[in-house]
Amino acid sequence: MTTSIRKLFLNYLSQLTAIIEKVPEELFSDTLHEGMFSLEMNAQIAANFLLRGYCPLVGGEVVSYELSAPGKNASLRLMHEVQIQLEKLPDTEELDDSQLISDTAGFTEISLPQSSYVFRYIVPNYMFHMSMVYAIARKAGVPLSKGDFDGLHSYPVGFSFID
């Protein structure tokens with residue numbers, strides 16, 4: 001892989017932050033369905049998955065952050081703390097599959113080569129929780145598009161494939 005994994009994760013974090021910035025304060029405690037995590041908790045989990053994935057790659061202890069309070073400002077502060085932490089860590093462009101990383105996936109203990117750990121475990125889990133943030137916000141009518149999710153797509157205001 002010739003792309004910096006740290007830069008990739010910082011880009012993911014930037015897109016999550018951009019979505020959070022567009023979400024009104026009153027939606028941060030909303031869930032997609034009863035018994036599911038709230039928007040703000042999904043944002044926290046997503047951001048922490050980036051650290052959970054990157055710290056072991058560079059031999060660092062996994063660091064995670066908790067919301068200091070409910071709401072938008074606390075979520076944005078948490079994104080900033082994760083960004084600062086990622087930026088402090090050394091850069092790596094290589095994954096060493098001779099090195100296994102162990103973690104817990106739900107109630108399952110896993111031990112995966114670095115590339116599988118990043119691309120089969122960390123990235124899908126990050127995307128799942130980021131998707132929940134997006135889905136909760138969209139369900140409540142926040143005007144987001146695929147461009148907010150990936151930072152690449154662009155659509156005119158009001159565009160719809162459905163209409």
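This is a predicted model: local features need pLDDT of at least 70, side-chain atom pairs count only at pLDDT 80 or more; totals for chains, interfaces and linings use all residues.
Reader: Noted, thanks. And where is Asp30 placed?

Author: Asp30 is in the loop between H1 and H2. With a relative accessibility of 29%, Asp30 counts as partly exposed.

Reader: How far apart are Asp30 and Glu40 in space, C-alpha to C-alpha?

Author: Those two C-alpha atoms are 8.2 Å apart, and the residues are 10 apart in sequence.

Reader: You mentioned Phe37. What else is Phe37 in contact with, beyond its sequence neighbours within four places?

Author: Besides Asp30, the contacts of Phe37 are Thr31, Asn42, Ile45, His129 and Ile136. Phe37 is also in the loop between H1 and H2, and its relative accessible area of 46% makes it partly exposed. For a sense of distance, Phe37 and Asp91 are 54 residues apart in sequence, with their C-alpha atoms 32 Å apart.

Reader: Nice. Let's follow His129, then. Is it buried or exposed?

Author: His129 is buried, because its relative accessible area is 9%, and buried means under 20%. Its place is in helix H4.

Reader: And which residues does His129 have contact with, again leaving aside the neighbours within four places?

Author: They are Phe37, Asn42, Ile45, Ala46 and Phe49.

Reader: How far is Phe28 from Thr3, C-alpha to C-alpha?

Author: They are 33 Å apart in space, and 25 residues apart in sequence.

Reader: New topic: the largest nonpolar core. Which of its residues touch the most other members?

Author: That core has 46 residues, and Phe9, Leu16, Met79, Val82, Leu86 and Tyr126 are the ones that touch the most other members. Two or more residues come from each of helix H1 (5-22), helix H2 (39-54), helix H3 (72-88), strand S2 (108-113) and helix H4 (114-139).

Reader: Which element gives the most?

Author: H4 does, with 11 residues.

Reader: Where is Leu78 found?

Author: In helix H3. Leu78 is buried, with a relative accessible area of 2%. The C-alpha atoms of Leu78 and Ser64 are separated by 9.6 Å, and the two residues are 14 apart along the chain.

Reader: Now the aromatics. How many aromatic pairs are there?

Author: The count comes to 9. One of them is Tyr155 with Phe161: the ring centres are 5.8 Å apart and the planes are at 80°, so the pair is edge-to-face. Phe161 also pairs with Phe159, with centres 4.8 Å apart and planes at 85°, so that pair is edge-to-face too.

Reader: Which residues form an aromatic cluster?

Author: Phe9, Tyr12, Tyr54 and Tyr126 form one.

Reader: Last one: what volume does the largest pocket have, and which residues are closest to its centre?

Author: Its volume is about 290 Å³. Of the 15 residues lining the largest pocket, Pro143, Leu144, Ser145, Gly158 and Phe159 are the closest to its centre. H4 and helix H5 (146-150) each supply at least two residues of that lining.

Reader: And by class, what is in the lining?

Author: The lining of the largest pocket has 8 nonpolar, 3 polar and 4 charged residues.

Technical notes: Residues are numbered from 1 along each chain as its sequence is written. Side-chain values use heavy atoms; hydrogens and water are left out. A nonpolar core is a set of buried Ala, Val, Leu, Ile, Met, Phe, Trp, Tyr and Cys residues joined through side-chain atoms within 4.5 Å. Buried means under 20% relative accessible area, exposed over 50%, partly exposed in between (1.4 Å probe, protein chains only). Helices (H or I, at least four residues) and strands (E, at least two) are DSSP runs, numbered from the N terminus. Rings of Phe, Tyr and Trp (its six-membered ring) pair if their centres lie within 6.5 Å; planes under 30 degrees apart count as stacked, over 60 as edge-to-face and the rest as tilted. On a 1 Å grid over the protein atoms alone, a cavity is a set of points where a 1.4 Å probe fits but cannot get out, and a pocket is an open set with protein on both sides within 12 Å along at least five of seven lines; lining residues have an atom within 4 Å of a point. Grid points are joined across faces, edges and corners, and a volume is the space filled by probe spheres set on the points. Ala, Val, Leu, Ile, Met, Phe, Trp, Tyr, Cys and Pro count as nonpolar, Asp, Glu, Lys and Arg as charged, and the others, Gly among them, as polar. Contact means heavy atoms within 4.5 Å.
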